[in-house]
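Good morning. Please have the sequence and the structure open, and I will go through a few parts of it.

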Amino acid sequence: MYVPRESDDSIVPEKRTNKVGPMATAEFVEGRGSTKGNATQTLLAPDSVPGKPGMGLLGVREAAKRDTKLRFTALLHHVNPELLRASYFELKRQAAPGVDGMTWHEYGRNLEERLDDLHGRIHRGAYRAQPSKRVWIPKADGRRRPLGIAALEDKIVQQAIKTVLEQVYEEDFLGFSYGFRPGRSCHNALDALWVGIAHRKVNWVLDADIRGFFDNIDHEWLLRFVEHWIADRRILRLIRKWLKAGVSEEGQWSKTLKGTPQGSVISPILANVYLHYVFDLWANQWRKRYARGSIIIVRYADDFAVGFQDRGDAERFLRELRKRFEPFGLQLHPDKTRLIEFGRYAAERRAERGLGRPETFDFLGFTHYCGTTRKGTFTIKRKSIAKRMRAKLQEIKMQLRRRMHDAVVGCDRWSKGGLTTTRSPATVAA
């Protein structure tokens with residue numbers, strides 16, 4: 001299936017990056033400029049040959065860039081011991097163990113032998129995915145969120161496959177997608193949203209959240225989307241194994257018919273692939289075909305914000321987005337999806353109608369609201385979400401209360417007359 005790429009005419013004025021120096025780049029709202037820069041960060045992939053940039057994973061990326069109709073039939077050979085070793089060192093050292101009970105440090109004691117054995121099992125089809133260990137973490141609103149902790153070998157293989165898939169999809173993903181991509185972060189998404197609202201004609205903002213996204217990904221649709229680029233059956237078989245491995249909670253195994261474990265290494269890129277076809281391409285085509293005014297889009301994983309110049313565009317987009325999600329098993333969260341009046345003229349227009357201040361919306365941990373600079377010009381301001389701030393302060397309070405009677409550890413250091421004096425705990429107590 002051929003999917004048209006995003007054009008470069010969607011770039012809006014840039015906002016200077018917070019970083020300075022020769023490696024600093026401008027942060028664009030949309031467009032493909034930073035994607036080209038991502039390739040320089042990857043440099044030579046672990047299986048690339050020095051002096052031959054057309055080989056290895058860098059060659060995969062160049063091939064994906066040259067031919068948008070290409071389907072990769074042989075990719076698993078890139079998963080070699082060197083890539084598996086690099087994937088092992090990409091993992092978090094202190095991460096909790098999965099159902100295998102294996103920690104990062106324990107696995108590294110006989111690393112080369114283990115990786116050689118793992119490499120052999122992958123390529124002869126003897127590798128078996130283990131179920132994810134389910135744990136629950138509290139949320140700011142009192143509810144709990146399920147996380148899936150994969151076994152260590154599953155993490156290594158998933159990291160390797162993720163590296164391979166990124167070479168293909170980083171040439172296909174659109175510019176307004178920021179979540180879990182190399183060279184992009186929450187800060188880039190926040191900057192993009194700020195620039196888009198400040199420099200485009202935005203009067204309405206759709207703040208949307210997908211309800212239980214990671215738990216409702218349809219496996220068959222996901223594999224069909226992956227097959228647009230990937231025709232290597234061994235790669236597809238590995239992805240299917242991870243999707244069907246199930247979860248283990250308190251020793252009880254349960255089958256997974258849909259969804260992908262939130263917290264696993266492979267889940268972010270699979271989620272981006274899913275939303276790339278379900279939302280990104282559709283939204284990009286919609287604004288080109290049907291929009292009467294300007295539209296900006298910023299998406300970070302399953303959380304996205306869309307700015308509209310025309311209210312009619314915003315209402316129609318929201319209606320048709322709900323219909324778009326239905327065949328793919330997705331729904332917009334009714335409590336977290338809102339269409340609000342927001343932008344340069346929102347305060348003035350609401351005042352004319354006898355209304356209060358413009359409404360605010362939450363995105364990536366911040367509450368965004370209309371404000372003015374010292375010179376009186378319009379700007380977008382943001383502050384930490386109140387309920388998350390309260391939850392964090394309460395957590396700190398409880399930690400301090402538990403430790404308030406702990407013994408003092410270490411020495412008291414103080415400076416007097418330019419000299420540093422050390423006093424023992426006994427002296428301090430006296």
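Over how many bridges do strand E3 and E8 pair, and in which sense? Strand E3, residues 204-209, pairs with E8 over four bridges, in the antiparallel sense. Before I go on, note that this is a predicted model.

As background, the strands of a sheet pair through backbone hydrogen bonds, and the pairing is either parallel or antiparallel. Here E3 also has E7 as a partner: six bridges join E3 to E7, and these two run antiparallel.

You can follow this on single residues. Val 205 has a bridge partner in E7, which is Gly 307. Val 205 also has a bridge partner in E8, and that is Ile 340. Asp 207 stands opposite Arg 338 in E8.

Now the sheet as a whole. It is an open sheet of four strands in the order E6-E7-E3-E8, with antiparallel pairing. Its edge strands are E6, residues 295-300, and E8, residues 338-341, and each of them pairs on one side only. On average, neighbouring strands in this sheet are turned by 15° against each other, ignoring direction.

Is E3 mostly covered or mostly open? E3 is mostly covered, with six of its six residues buried. In a regular strand the side chains alternate between the two faces of the sheet. On one side of E3 we have Trp 204, Leu 206 and Ala 208, and on the other Val 205, Asp 207 and Asp 209; all are buried, and both faces are covered.

Helix H10, residues 267-289, lies across E6 and strand E7, which is 303-308, and H10 runs at about 175° to E6. Helix H11, residues 311-325, packs on the sheet and touches E3, E7 and E8. The direction of H11 makes about 145° with that of E7.

Between E6 and E7 there is a loop, and Ala 301 is found in it. The phi of Ala 301 is near 60°, a positive value in a residue other than glycine. Ala 301 has a relative accessible area of 10%, so it counts as buried.

Next, the other sheet I want to show. It is open, has three strands in the order E9-E10-E11, and its pairing is antiparallel. Strand E9, 361-363, and strand E11, 378-384, stand at the edges with a single partner strand each, so one side of each has no neighbour in the sheet. Neighbouring strands here are turned by 40° against each other on average, direction ignored.

E9 and strand E10, residues 366-372, run antiparallel and are joined by three bridges. Phe 361 has His 368 as its bridge partner in E10. Helix H7, residues 186-199, packs on this sheet, touching E9, E10 and E11, and its direction makes about 150° with that of E11.

The loop between helix H6, 152-169, and H7 contains Phe 180. Phe 180 has a positive phi, near 55°, in a residue other than glycine. With a relative accessible area of 41%, Phe 180 is partly exposed.

Last, the surface. Which residues make the nonpolar surface patch of about 380 Å²? They are Met 389, Leu 393, Ile 396 and Leu 400. Met 389 is found in helix H13, residues 386-403. At 38% relative accessibility, Met 389 counts as partly exposed.

That is where I will stop.

Conventions. Residues numbered from 1 in each chain as written. Predicted model: local features only at pLDDT ≥ 70, side-chain atom pairs only at ≥ 80, totals over all residues. Heavy atoms only, no water. Pairing = 2+ DSSP bridges. Axes fitted to C-alpha atoms, helices over the stretch in contact; angles between N-to-C directions. Contact = heavy atoms within 4.5 Å. Patch = residues over 30% accessible without salt bridge, like charges linked within 9 Å, V, L, I, M, F, W, Y side chains within 5 Å. Areas by Shrake-Rupley, 256 points an atom, 1.4 Å probe, with all protein chains shown as cover. Salt bridge = Lys/Arg side-chain N within 4 Å of Asp/Glu carboxyl O. Buried < 20%, exposed > 50% of the residue type's maximum accessible area, 1.4 Å probe, protein only.
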